[in-house]
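Hi,

Here is the structure I promised to pass on. Have a look at it first, and then read my notes below.

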Amino acid sequence: MVRRLKILLTGSNGYLGSYLTAFLKTSNFEITKFSRADINLLLNLSSYKNYLKKHSKLQTKFDVIIHTASMPYKECNEDPYKANIINNLLTEKLSNYCLNNNCLFIFFSSVQVYGTILDGEYYEDNELKPDTVYGISKAKAEQNLIYKFSKKLIKGSILRIGNIVGLPTSHSSKGWDLFANYVIKEAFLNKKIVINNPYLKRNFLPIDLLMNVIEKIIYDHTEKKYIDIPEIMNITLDNSTTLLEYSKLVSEKHFEVFNQKVKIAYHKNNISKSPFSLIKNSKLRNYFLSTENYSLDQPIVDIFKFLNS
């Protein structure tokens, strides 16, 4: 009998974590959820030896840790000290587990580590200039991981994720608060989308692209293809889209599905031209060759059909 791969997943109740849980179960992995209570216990244990002895879940030998747990942007601004603990210190402690367990570490970071006012093209080796509490805490976590990667202490991959478009797993999910999903819901409920700055640019991507990349990383690790797994990847579609362009796409898909028009409105006082910016995904395209087969159309349609069911 083939041994089932053991995966420790943080943030399993969150938007991406819950989606990832459902996705990975289809691949027959053995998934252990690392809950908020587990996280609190881990953060309260002072030393690596202590948390190996006292944390029952970490006495298991896992093949992969997927670290999706994170303090959201708004909450980071409200409590910067806690943001550093959750987004940075927790990452360090979990990656320390991998030191002696030959365990792959997949870290969910964000394109916000490049900053919020972007100008030009951004690659994985660009200097990071985070200017928010959220972005700074993610960049600090990355710094520790990059050091461990460089010293060959652990194997893993940092995923700098763009703006996800994808159906949340429940009506109460915080995934509905994300701009990409929120405007789809607004279009369905109110037949109207209201945006602030229509020319603000974002790097959107469908959630199934992220899921399939993670699955490939896990299988490549299992087959000992470590050299093929990039240590840092921008997870985007290699396409910079304004909020207005995205809203128009949502409107078009709504008309296709329901034959109803959606009005797009924005506050004229907030209009400002944004410089050209693009989070390049060349490493992702070299690693995961089928990125051109993904688009935003299907997840938008899927959300509309879910809301209508």
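Let me start with Thr241: at 10% relative accessibility, this residue counts as buried (buried means under 20% relative accessible area, exposed over 50%, partly exposed in between, with a 1.4 Å probe and protein chains only). Before going on, the ground rules: this is a predicted model, where local features need pLDDT of at least 70 and side-chain atom pairs count only at pLDDT 80 or more, while totals for chains, interfaces and linings use all residues. Residues are numbered from 1 along each chain as its sequence is written, and side-chain values use heavy atoms, with hydrogens and water left out.

Back to Thr241, which is found in strand 12 (helices, H or I with at least four residues, and strands, E with at least two, are DSSP runs numbered from the N terminus). Leaving aside neighbours within four places in sequence, Thr241 is in contact with Leu200, Lys201, Arg202, Phe204 and Tyr246 (contact means heavy atoms within 4.5 Å). Thr241 and Tyr199 are 42 residues apart in sequence, yet their C-alpha atoms are 8.6 Å apart in space. Thr242 also sits in strand 12, which covers residues 241-242. With 7% relative accessibility, Thr242 counts as buried, and it touches Pro198, Tyr199, Leu200 and Lys201, not counting residues up to four places away in sequence.

Next, helix 9 (243-258). At 1.5 Å a residue, its 16 residues should span 22 Å, and the end C-alpha atoms of helix 9 are 22 Å apart, which agrees (the expected span is 1.5 Å times one less than the number of residues). Buried residues of helix 9 include Leu243, Leu244, Tyr246, Leu249, Val250 and Phe258, and so do Lys253 and His254. Just after helix 9, Asn259 takes a positive phi of about 55°, although Asn259 is not a glycine. Asn259 is in the loop between helix 9 and strand 13 (263-266) and is exposed, with a relative accessible area of 56%.

Helix 7 (residues 179-190) tells a similar story: at 1.5 Å a residue, its 12 residues should span 16 Å, and its end C-alpha atoms are 16 Å apart, which agrees. Ala180, Asn181, Val183, Ile184, Glu186, Ala187 and Phe188 of helix 7 are buried. Their cover includes helix 1, strand 7 (163-165), strand 8 (192-195), strand 10 (204-206), helix 9 and helix 11 (297-308). After helix 7 comes Lys191, whose phi is positive, near 55°. Lys191 lies in the loop between helix 7 and strand 8 and is partly exposed, with a relative accessible area of 28%.

What about the cores? The largest nonpolar core has 33 residues, and those with the most contacts inside it are Ile66, Ile106, Phe108, Leu159, Leu210 and Ile218 (a nonpolar core is a set of buried Ala, Val, Leu, Ile, Met, Phe, Trp, Tyr and Cys residues joined through side-chain atoms within 4.5 Å). Among the elements that each supply at least two residues of this core are strand 1 (6-10), helix 1 (15-25), strand 4 (104-110) and helix 8 (207-222). Helix 8 gives the most, with 8 residues. Ile218 touches Leu5, Ile7, Leu24, Phe29, Val64, Ile66 and Ile106, not counting residues up to four places away in sequence. A second, separate core of 28 residues includes Ile65, Met71, Ile154 and Ile158.

Helix 1 is worth a look too: 8 of its 11 residues are buried, so it is largely enclosed by the rest of the structure. The buried ones are Tyr15, Leu16, Gly17, Ser18, Leu20, Thr21, Phe23 and Leu24.

The axes of helix 2 (residues 36-44) and helix 5 (residues 80-98) come within 10 Å and cross at roughly 75° (axes are lines fitted to C-alpha atoms, for helices over the stretch in contact, and angles run from 0 to 180 degrees between N-to-C directions). That makes helix 2 roughly perpendicular to helix 5 (65 to 115 degrees; under 35 counts as roughly parallel, over 145 as roughly antiparallel and the rest as oblique). Ile39, Leu42 and Leu43 of helix 2 meet Ile85, Ile86, Leu89, Leu90, Lys93 and Leu94 of helix 5.

Cheers
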